[in-house]
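Here's a quick tour of one protein chain, written for someone who would rather look than calculate. Have the sequence and the model open side by side.

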Amino acid sequence: MKKIFTLFAAAFCVASTLNAADAEKVNAMVMINMENGLASIQKGFLYNNLDMIKSGVDQVQKENMVYHDRKVIKSILPENRKQMENLALITSKRIENAAEEMKSYLALKQMKKAHSAFSDIVNACTDCHTLVRGW
């Protein structure tokens with residue numbers, strides 16, 4: 001656990017000092033990894049594979065940690081969207097809360113409620129993308 005925390009702390013420090021081009025690359029990688037985590041969760045539900053679901057939740061949580069830092073968020077947001085820093089931070093917290101809720105339901109084998117929490121994660125992602133990307 002200490003190694004993971006140290007890794008996240010190092011990632012935050014590095015990410016907060018990135019220039020705009022590097023921040024976009026970091027953001028692209030984080031988004032790809034979050035997408036992979038979400039896909040693992042969905043496949044896990046489709047194939048009744050609890051380990052796949054748990055692995056996907058862990059991946060989403062790990063990647064989402066990047067968006068818990070205001071400096072990182074500001075470096076990633078486009079110039080005309082910097083004012084949406086609070087929205088991105090709140091969305092990140094929504095994702096974290098839904099992921100923790102999902103883990104609780106998985107532990108209780110309440111799959112329908114776990115899937116509802118998964119939907120909450122996807123809805124939070126969609127809300128942020130809608131506002132930040134201007135969909």
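What follows goes through the fold, the core, the cysteines and the pocket.

A word on ground rules: this is a predicted model, where local features need pLDDT of at least 70, side-chain atom pairs count only at pLDDT 80 or more, and totals for chains, interfaces and linings use all residues. Residues are numbered from 1 along each chain as its sequence is written, and side-chain values use heavy atoms, with hydrogens and water left out.

**Fold.** The chain has 6 helices and 0 strands (DSSP runs, H or I of at least four residues for helices, E of at least two for strands, numbered from the N terminus). Of the 135 residues, 36% are buried, meaning under 20% relative accessible area with a 1.4 Å probe, protein chains only. Take the contacts (heavy atoms within 4.5 Å) with a separation of 6 or more: 63% of them join residues 24 or more positions apart.

**Core.** The largest nonpolar core holds 31 residues, and Ile41, Met102 and Ile121 touch the most other members. Such a core is a set of buried Ala, Val, Leu, Ile, Met, Phe, Trp, Tyr and Cys residues joined through side-chain atoms within 4.5 Å. Helices H2 (20–46), H3 (50–64), H4 (70–76), H5 (85–107) and H6 (111–133) each supply at least two residues of this core, and H6 brings the largest share, 8 residues. Leaving out residues up to four places away in sequence, Met102 touches Ile41, Phe45, Ile53, Val57, Ala114, Ala117, Phe118 and Ile121.

**Cysteines.** There are 0 disulfides in the structure, a disulfide being a pair of cysteine sulfur atoms within 2.5 Å. For Cys125, the closest cysteine sulfur is that of Cys128, and at 8.1 Å it is too far for a bond. Here is how the two compare on accessibility:

| Residue | Relative accessibility | Class |
|---|---|---|
| Cys125 | 15% | buried |
| Cys128 | 14% | buried |

The largest pocket contains about 530 Å³ of space. Of its 23 lining residues, Met31, Cys125, Cys128, His129 and Arg133 are the closest to its centre. H2, H4, H5 and H6 each give two or more residues to the lining, with H6 giving the most, 7 residues. A pocket is an open set of points on a 1 Å grid over the protein atoms alone, where a 1.4 Å probe fits, with protein on both sides within 12 Å along at least five of seven lines; lining residues have an atom within 4 Å of a point.

Conventions: Buried means under 20% relative accessible area, exposed over 50%, partly exposed in between (1.4 Å probe, protein chains only). Grid points are joined across faces, edges and corners, and a volume is the space filled by probe spheres set on the points.
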